[in-house]
Amino acid sequence: MEFFRIHRTIPFMRHALVLNLISLITFVAAVFFIVTKGFHLSIEFTGGTVLEVAYTQSAPLDDVRKTVSGLGYTDFQVQNFGTSRDVMIRLPLSEGQTSATQSETVLAALQAADPSVELRRVEFVGPQVGRELVENGLMALLVVVLGIMVYLGFRFEWKFAVAGVIANLHDVVIILGFFAFFQWEFSLPVLAGVLAVLGYSVNESVVIMDRIRENFRKQRKSDVKEVINSAITQTISRTIITHGSTQMMVLAMFFFGGPSLHYFSLALTIGIWFGIYSSVFVAASIAMWLGVKREDLVKPVKEENPADVIEG
């Protein structure tokens with residue numbers, strides 16, 4: 001399906017060096033902010049107190065957030081749990097207070113506004129659980145990267161595999177750099193968004209690589225730059241349809257999904273745009289500089305020996 005077709009090939013690779021230098025600077029800056037500023041980790045990673053409260057009717061989440069904020073908490077989470085009447089509140093660790101003290105203070109403030117509020121459960125989440133989540137998240141990220149490299153290696157060949165992995169890591173590091181620079185809360189949903197971006201970005205790279213392989217078969221007189229430029233130009237309509245529809249869904253989560261989906265959708269938005277950029281300019285450019293050629297992707301046809309034909 002195509003909204004439009006571009007009949008003139010756009011010379012994307014003409015500016016590949018400049019654009020990849022910009023990418024390199026952005027990548028280095030992201031690594032710098034990650035190392036120097038670190039992440040604003042959520043309660044799942046740092047530990048804290050988890051409360052479950054129940055209302056007789058649909059819980060007014062905005063009012064609950066105002067109440068908790070009024071107690072002096074800045075890093076906390078309020079969301080529905082199970083039904084619209086059940087609310088889960090996550091509070092950070094506080095010096096001089098136990099989980100019991102925190103829960104009593106919050107429950108008293110909530111009951112001052114609505115006496116029917118009931119406390120269902122209080123649980124302390126220790127930092128050890130947070131460390132395990134970090135380790136498991138990093139392990140999941142490593143497994144995804146290795147899986148992508150193996151997949152691209154079998155699907156194409158090593159030059160495209162290396163280019164694809166570099167482009168995908170480029171996207172992930174830049175997303176993490178944004179979260180480190182602005183100190184946005186890094187939570188489990190954000191980690192899930194980062195992993196989703198990895199798969200989403202590699203899909204765009206595979207589409208372009210497939211078209212490059214097809215064009216190597218069709219455009220036998222064109223050089224590598226012309227083949228890559230034509231492949232990217234031919235996939236622009238598909239890119240607009242796919243990424244445009246995905247971005248509309250992500251924006252709906254961003255504006256209407258509430259605080260629990262805010263940073264998740266923000267990570268996806270950054271990943272979508274940088275995923276397009278890296279697939280077009282980073283992955284294709286690196287493959288070109290690694291010396292990809294027609295023989296790497298198209299197996300040469302063996303010519304029959306006339307002597308064998310005669311003997312047959």
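## Salt bridges in a predicted model

Arg 65 is buried, at a relative accessible area of 17% (buried means under 20%, exposed over 50%, partly exposed in between, with a 1.4 Å probe and protein chains only). This is a predicted model, in which local features need pLDDT of at least 70 and side-chain atom pairs count only at pLDDT 80 or more, while totals for chains, interfaces and linings use all residues. Residues are numbered from 1 along each chain as its sequence is written, and side-chain values use heavy atoms, with hydrogens and water left out.

The structure holds 8 salt bridges (a side-chain nitrogen of Lys or Arg within 4 Å of a carboxyl oxygen of Asp or Glu). The table lists three of them, including the one made by Arg 65.

| Pair | N to O distance |
|---|---|
| Arg 65 and Asp 62 | 3.2 Å |
| Arg 238 and Glu 204 | 2.4 Å |
| Arg 213 and Asp 210 | 2.7 Å |

Arg 65 and Asp 62 are 3 residues apart in helix H3 (residues 61–70), so about one helical turn separates them. Helices here are DSSP runs of H or I with at least four residues, and strands are runs of E with at least two, numbered from the N terminus. Asp 62 is exposed, at 53%.

The salt bridge of Arg 238 and Glu 204 ties together parts 34 residues apart in sequence, because Arg 238 lies in helix H9 (residues 236–256) and Glu 204 in helix H7 (residues 188–218). Arg 238 is partly exposed at 23% relative accessibility, whereas Glu 204 is buried at 1%.

Arg 213 and Asp 210 are 3 residues apart in helix H7, so about one helical turn lies between them. Arg 213 is buried at 16% relative accessibility, and Asp 210 is buried at 18%.
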